[in-house]
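These are my notebook entries on one protein chain. I set down what I looked up, entry by entry.

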Amino acid sequence: MTVVDSTRPRLTVSGHPVTTHLRDVTSLSRRMVGHFIENVAPCGTLPGDALQGDVTAVTRVCLELTLSLLDGRGLPEQIEQIGDAAAEWAREGIPIDTINHAIHEGFKLGLDALLTNASPADYADLVTTARRLLEILDTITTTVSMAYVREYRSVVSEHHTAVHTLTSALLGGHSTSTMARECGIEIVDSYAVLALAIPPHADETSPEVDGKIVARRKLRRIQAELARRCGDRALSLLSVDGGTVLLPSADFDDDALDELISQLSAAARVSITATVVPAAPADIPAASEQAHDLLDTVQRISGLGGLHRFNDLALEFQITRPGPAREYLSGILDPLDEHPELLETLRQHIANNFNRQRTARLMHMHTNTLDYRLKRVRMLTGFDPTQPSGLWYLTSALVARSYRASSAHSA
C-alpha cells in the first residue's frame with residue numbers, strides 16, 4: 001500500500017491548495033455517482049439501493065482519502081472502509097471490472113475539476129499532483145482488488161462446499177428440499193446423470209514434470225470450462241480420473257450434451273469418455289450406478305471418447321453382465337488363441353461392417369486370403385462369419401471376450 005510522505009510541499013492551483021477545488025465532497029460525490037449511473041452501470045449492474053447507499057458513501061470516503069493524501073496525511077481507517085465495501089460487493093456479485101472502472105472514472109472527474117481552475121503557471125504543480133493522484137489510485141485499486149479477491153474466494157469456497165454437499169446427498173439418495181434451501185441450490189424435476197472418465201494427460205507420465213500438478217491443472221481446466229458452460233446448473237463430483245455430473249434435463253438436450261463433452265475434452269486436452277442416463281431426483285443413485293457401469297463397458301470394449309447413451313449400447317451392456325451367458329459367448333473364440341491373425345481378421349472385418357474389399361485393403365491382403373481366414377474361423381469356432389446368425393454370435397463373442405480380457409488385465 002502506498003504511503004504518502006507528509007513532508008512533501010503543498011501543491012497549489014491558481015494560488016490555492018489543489019485540495020481547495022475538491023473540498024465540496026458532498027456535491028462532487030453526488031456528481032460522480034450520477035456519472036456512474038449514466039456511464040458505468042447504465043444497465044442495472046448495480047442495484048438502486050447500492051447506488052444511493054453504499055456507492056455514494058464509498059465515493060465520499062474515496063474523496064476524503066484523496067484529499068488527506070494530497071495534503072500529505074494518511075487515514076488507514078478509511079482504507080479499511082473501502083476494503084470492507086469491496087468485500088461486500090464481491091459477496092453481492094458486482095463485477096470487479098465495474099468497480100475498478102468506476103474508481104478510474106471518479107479520478108478522471110476529480111482531475112477535470114482541478115484542470116478547470118488551472119493556468120499555464122500551474123504546470124509544474126499539476127505534474128506533481130498527477131503523480132500523487134496515481135499513487136492514491138494505486139492505493140485504492142490495490143485495496144479494492146485484494147479485498148474483493150479474498151472475499152470472492154471465500155464465496156466460491158462456500159458455494160463449492162454447498163454443491164459438494166448437495167451432489168453427494170443426491171447421489172446417495174439422501175437429499176431433501178430443506179437441504180437444497182440451505183445450500184441455496186434448486187433441485188429440478190429431472191437430471192441428465194453423466195459418468196465421466198478422464199484419461200491421463202501425456203505430461204502426467206513425463207519425468208521432467210510433476211505428474212500430480214499436471215493432473216490437478218487438467219482438472220481445474222475441466223471445472224472452469226464446466227462452470228463457464230453451465231454456471232450454477234451443474235452439480236459435480238470430479239477427480240483427476242473422472243466422476244459424476246448432474247445437469248438439468250430441461251436445459252441440455254442431446255446435442256448440447258454432446259457439445260459439452262467435446263468442450264470439456266478440449267479444455268482438458270484429453271479425450272473424455274462419458275455416458276448419460278436420465279433420472280428423477282429420487283432415481284439418481286441407481287442412474288449413477290448404471291451410468292458408471294455403462295461407462296465401464298464402453299471403456300473395456302472400445303475405449304473411444306465422446307458421449308455414449310444406454311440405448312445405443314443396450315446389447316453390449318447386457319452381454320457384458322457377469323453370468324453364464326457371458327462366459328459361454330467369450331469362450332466361443334478360445335480356439336483362436338493360437339491363431340491371433342485370425343482373431344484380428346475377424347475383429348477388423350466386423351469393424352468394417354463386413355465389407356470384404358475394405359477389410360482386405362486395410363489389412364494389405366487379397367480378398368481370397370480374407371475368405372480363407374474367415375473359413376478357418378468357421379472351422380475352428382463352429383460359427384460362420386459369412387452368415388448373419390454366425391456373425392451375430394461372433395460379434396457378441398468379441399464383445400464378451402473384450403470385457404473378459406480387460407477384466408483379467410485389470411486384475
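A crossing of two helices is called left-handed if the near helix is turned anticlockwise from the far one by less than a right angle, and right-handed if clockwise. I worked from a predicted model, in which local features need pLDDT of at least 70 and side-chain atom pairs count only at pLDDT 80 or more, while totals for chains, interfaces and linings use all residues. Residues are numbered from 1 along each chain as its sequence is written, and side-chain values use heavy atoms, with hydrogens and water left out.

Entry 1: a helix pair. I took helices (H or I, at least four residues) and strands (E, at least two) as DSSP runs, numbered from the N terminus. The crossing of α7 and α8 is right-handed. I found that the axes of α7 (residues 211-230) and α8 (residues 254-268) come within 8 Å and cross at roughly 145°; axes are lines fitted to C-alpha atoms, for helices over the stretch in contact, and angles run from 0 to 180 degrees between N-to-C directions. Contact (heavy atoms within 4.5 Å) is made by residues including Ile222 and Leu226 of α7 and Leu260 and Leu264 of α8.

Entry 2: threonine 297. I located threonine 297 in helix α9 (residues 284-301). Is threonine 297 buried or exposed? Its relative accessibility is 1%, so threonine 297 counts as buried; buried means under 20% relative accessible area, exposed over 50%, and partly exposed in between (1.4 Å probe, protein chains only). Leaving aside neighbours within four places in sequence, I listed Glu316, Phe317, Thr320 and Arg321 as the contacts of threonine 297.

Entry 3: helix α12. In α12 I noted Leu342, Leu343, Thr345, Leu346, His349 and Ile350 as buried. They cover an arc of only 160° around the axis, which puts them on the same side of α12; the arc is that of the directions from the helix axis to the C-beta atoms. An α-helix has 3.6 residues a turn, so residues three or four places apart point the same way. On the face turned away from the buried side of α12, I found the exposed residues Pro340 and Ala351. Just after α12, asparagine 353 takes a positive phi of about 60°.

Entry 4: two loop residues. Arginine 269, in the loop between α8 and β6 (273-279), has a positive phi near 65°. At 56% relative accessibility, arginine 269 counts as exposed. Histidine 364, in the loop between α13 (356-362) and α14 (367-381), has a positive phi of about 55° although it is not a glycine. Histidine 364 also counts as exposed, at 74% relative accessibility.
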